[in-house]
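Hello,

Here is the structure we talked about passing on. Please open it alongside this note, which covers the aromatic rings.

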Amino acid sequence: MTSRNSFWARLFENNKRRIWVWLLAGFSYLLVLPAALAMAISREMARKDYLIEEMGDVLGSQIMQEKVIEVAAGFFGLKNVYLAFFAAILAIISAIQGFSYLYSKKKIDFYMGMPVRRRRRFMVIWLNGILVYLIPCVLGLLISGLIAASHGGMTSSVAGEAALAFGLLLAFYLGMYHLAILAVMLTGNVVITCLGTVVFLLYEWAVRMMIQSYQELFFRFFSYEGIDVQPRLSPITILTRFAQMHEKGQGNALVTLLNLLLFAGVIWLVSYMCYLRRPAEAAGRAMAFRFPQAFIKILLVVPAALLSGIVVAQIVNYSPKHGSGSVGFVIFTMAVVTVVSCCLIQILYEFDIVGIVHKKHHILISAAAVAVIFIVFRLDVFGYDTYIPSVESVSSAALIPPYEYRYYGESYFDENWEPVSKTRYAEDNMYLTDVGAVNKLMKVSMEELEEYEDLSSMYGDDKSWYEVTVLFRLNNKRNVYRDIYVNVNNPETVRLLDRIEGSQEYIGGIYAGASDHLMNMLAQEDNNISVYYGNQIYEKKLDRQEGRELLALYQEDVRDTYFSKLRESIPAGSLRISVEKKYSTYSSYYNTEVMIYPFFTNCVEYLKERGYYMEHHIDPEDVERIQITNYNNSISIEKQEQWQESMGEEMTEEKITSWNSSDFWRYISVEKEEEVKELCEVIYPQEWLGRSFHMNAQEDTDYAVTVYFKSGSQAAKNNGSVGNYRFENGKVPQFVADATVYQE
């Protein structure tokens, strides 16, 4: 009984020395947070009279109630970043202030002279550091809860969210608190403690950033996909990851809580062991223990030097895989940073400028480590760029094509109707079992690139390169991502792409309309979704039933497509699904555009039956006249070169700029019905033409086509009175070419 009383007496006595920390915690949780909630609710309540007037008493009050609940949920939940911010700051302050006596030899002597065991003193200070957060936080949340409840905002779901956030934030506080305590135990000065805490929080991130940056700098086939620079051993990252997933209705709160508690427990144990072994003479020194000083110094200097090299490489445009820049500035910078960092850290260790000349062998060790790591990346010692997983070691693969322009955009959704990237969509839905084709495609790419010293020399010949991402899912559950360059003018590459993209696994894994996600979205009547079919000029709004029927036919037609077939075709139109996603404080709008090709027979037949299908992009009935400009580029360039040669030495900069290429332009205005109709069959909006991975329909840059629509026509209503269009290369009507050719 005496021992327990003594413990609580010590606890109370220690709190007297922490009054200002209690005041800070009380101000944050008992005043700032409740006041912030009250102001947020008041701001929403100010609109109550307006809502009642506009919507009526019942509906207006209901909407207001929903707004208040929404504010309360955001305040008490993990989305309120200020709760985590207050917890982190208070944890660091409480840890440093609680054990600050370790910075002073006099205070250590005073405490050592008291009849209190070191272990009990540690437990008293440690427990007080928890209570200084726990008590104000609980009281502040209770006061805030009463404020929310008085306005009808404290529902069971809000209370559950508040309880979840409180538990996770308490575990988060413990992690940050113990991390700061460890920084105190390893140092003997408050400034160094603060720096140490920052290092603990940022070191893993800096190392991951350094590794990723050097991979991108030196490796031709490096892919950002699958790369995560976020620290694994950080309470901030653990909590942030769960908060992001929780907002989407995902994530495991119990696992997150256990991870945070495990992290806090391990750090607490290490901190406690350091406390028991901490020498009394460590007070006032930069580092409490001498034996890890050299190790810590090298661990800090090496990534700092390597990161400085990355920064300078970006400044001087040093990129060996693209054959640009010089490595000299990079090496010089890393050498300087290595020397300076070693000297500065040694000065901090000794708190004496004389430290600049001590421990010079640390500079040599650090420089050697920097050089070895740099060479490992530069020479690809571990074979990153030459590694191709064997077919036997891969369970499945995925191939993600490059981004291709869509006028309305191309969004993907997961099974919960949340928008995801194309890569994430393919990761979740594409499981290619024909691993041999993907493996061979990567080999062909590597073999073709061997003839180029750098990537900048790839272009300019008869090859047409595109960067695609490949994913190999290995049998050992590891994923391997690579960005490879494929030459679509290589028949073997086309054959492999046809084999891959013609598979049902690929079609179901990359075409948004081929999965059941969009169909399920259209089946949910409460979703704010609109469906359209059109070709950018004309657009017809479909009802949901028509959208589902057309999408079902699309799923049949798309199964008969492959790479080379798409490259030879121009879409006839697109099925566009416009989705509004409502979040707590805003709404986002997404468009998924499903391209309909002329060879999609089921879709074309369905659209024709309803009068929606357009044989051509422009209805001739809507056209008043078409004006065509032929720039005669080749003749203009030829004449300009001849003129410059004839001028010889008399050619000046002023005369060069006086050249007028518009002298070679020729125009034609077409109004005849049969000619207008012929033109409408071969002109397209510029956005529908162009070289891309899945399209080889190049526009003819010699001609510009301007279409003037009839006043009141559907095209004029949708597109304006004038539209700019292009011919597909090689498809210019003969009468246009004859009428606009340059003649002297």
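**Aromatic contacts**

Phenylalanine 218 is buried, with a relative accessible area of 7%. Bear in mind that this is a predicted model. Tyrosine 318 is buried too, with a relative accessible area of 7%.

Some context first. Across the whole structure, a search finds 33 aromatic pairs.

Start with phenylalanine 99 and phenylalanine 122. Phenylalanine 99 is in the loop between helix 5 (81–98) and helix 6 (105–112), while phenylalanine 122 is in helix 7 (residues 118–150), so the pair ties together parts 23 residues apart in sequence. Both phenylalanine 99 and phenylalanine 122 are buried.

Now back to phenylalanine 218 and tyrosine 318. The centres of these rings lie 6.5 Å apart and the planes are at 75°, so this pair is edge-to-face. Phenylalanine 218 belongs to helix 9 (residues 190–218), and tyrosine 318 to the loop between helix 12 (293–315) and helix 13 (328–350), so the pair ties together parts that are 100 residues apart in sequence.

Phe218 and Tyr318 also belong to one aromatic cluster, together with Tyr214, Phe219, Phe374, Phe377 and Tyr384. Tyrosine 384 has a charged neighbour: arginine 482 lies over its face, 3.7 Å from the ring centre.

One more arginine to look at. Arginine 625 places its charged end over the ring of tyrosine 708, at 4.0 Å from the centre.

Best wishes

How values were computed: Residues are numbered from 1 along each chain as its sequence is written. This is a predicted model: local features need pLDDT of at least 70, side-chain atom pairs count only at pLDDT 80 or more; totals for chains, interfaces and linings use all residues. Side-chain values use heavy atoms; hydrogens and water are left out. Rings of Phe, Tyr and Trp (its six-membered ring) pair if their centres lie within 6.5 Å; planes under 30 degrees apart count as stacked, over 60 as edge-to-face and the rest as tilted. Helices (H or I, at least four residues) and strands (E, at least two) are DSSP runs, numbered from the N terminus. Buried means under 20% relative accessible area, exposed over 50%, partly exposed in between (1.4 Å probe, protein chains only). A charge sits over a ring if NZ of Lys or CZ of Arg is within 6 Å of the ring centre and within 35 degrees of the ring normal.
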